[in-house]
Amino acid sequence: MTLKYLITGATGGLGSRVLAYLVANVPRSEYAATSSQEANRALFEKNGIAFRVANYDDPATLDTAFNDVENLFFVSTENFDTAGRIRQHRNVVEAAKRTGVKHVWYTSLAFGGLRSDSKIGVQRAHLETERILQESGVTYTSIREGLYAEIFPIFLQWYPDTKTVYTSDSTSMTFTSRDELGEANGKLLIRGGYENEIILLTANEALHAADLVKIINETTNRQVELTLTTPEKYVEFRKANDESTKPDSYWQQILNWLDGFAKGDTEMSHPLMGELLGREPKSGSQAIRELLKENPNATWPETEKGVGWDIAKQQIFPYEAFWCV
């Protein structure tokens, strides 16, 4: 029996939200969830959700998981080793081709918007995956996902005890609600189309570091200060205060990020997300205010697999809490 939708990364921040949308809007016979871990099977199956193991490092599991699938929602890995990530992604694309998947929906990132010249390290793997998809002959859509509002602290290097935020310049950033991205991706899957295209899903408000600090202070009653400096002096400051003696390659990556910020890689806008939602997406400032009102001490690890993670779990399994990775 052909499966209409297969959601990879279904225990992750975005995949879980896309699955939640399908749970609420599509007959359960039409979709299944995947995880790289067999131990997660029971979590889904006892809630009536079909499950398949899909380990990006094990092509045999991919062939089994992708068999008789029409639409594959291909969530990119969290492997920050670019070569390792590309290898994993190539495994997925090749398995999709072998098994005859009708349409691959790939979750790329929005650094650079619809441009394809970003030098930010994490984006390079996505651009290479898009090239692999284009050359594979499979029908695909690359969805460049907006920057999650939930991870704004990592862009500021802000933590609850931070007194002063140092940033290299006043680069603007567009942040998007991950909850709304889950909804928009789900609607996109159901609507279909965009064959062999690269699309952009993002909110439309550009925020500067000063805007983010103001939101933090107004929402949490803190008195965080902002100090602007050059990229080079910023890296010098970070190195001088680094307790783990990171290698020079790490600091070069930071400079690459800052160079991308200066070139506008974090500022993007496109109407498609609003069209899919049927409303204007939440602005970044609204999403971040809501996040901080719920958890004034939100930090990067907590927003990635804490606050937002709990919300995603409750969307799929509203009567049961569980932890899975």
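Visitor: Which residues does T171 touch, not counting residues up to four places away in sequence?
Guide: This is a predicted model, in which local features need pLDDT of at least 70, side-chain atom pairs count only at pLDDT 80 or more, and totals for chains, interfaces and linings use all residues. Residues are numbered from 1 along each chain as its sequence is written, and side-chain values use heavy atoms, with hydrogens and water left out. A contact means heavy atoms within 4.5 Å. On that basis T171 touches L207, H208, A209, F261, A262 and T266.

Visitor: Where does T171 lie?
Guide: Strands are DSSP runs of E with at least two residues, numbered from the N terminus. T171 sits in the loop between β8 (164-167) and β9 (173-176).

Visitor: Does T171 count as buried or exposed?
Guide: Buried means under 20% relative accessible area, exposed over 50%, and partly exposed in between, with a 1.4 Å probe and protein chains only. T171 has 13% relative accessibility, so T171 counts as buried.

Visitor: How many residues of helix α1 are buried?
Guide: Helices are DSSP runs of H or I with at least four residues. Helix α1 covers residues 15-25 and is mostly covered. Among the buried ones are G15, V18 and L22.

Visitor: What share of the 325 residues in the protein chain is buried?
Guide: The protein chain has 14 helices and twelve strands. Its buried residues make up 54%.

Visitor: What share of the contacts with a separation of 6 or more is between residues 24 or more positions apart?
Guide: The C-alpha trace of the protein chain spans about 60 × 40 × 40 Å along its principal axes. Of the contacts in question, the share is 75%.
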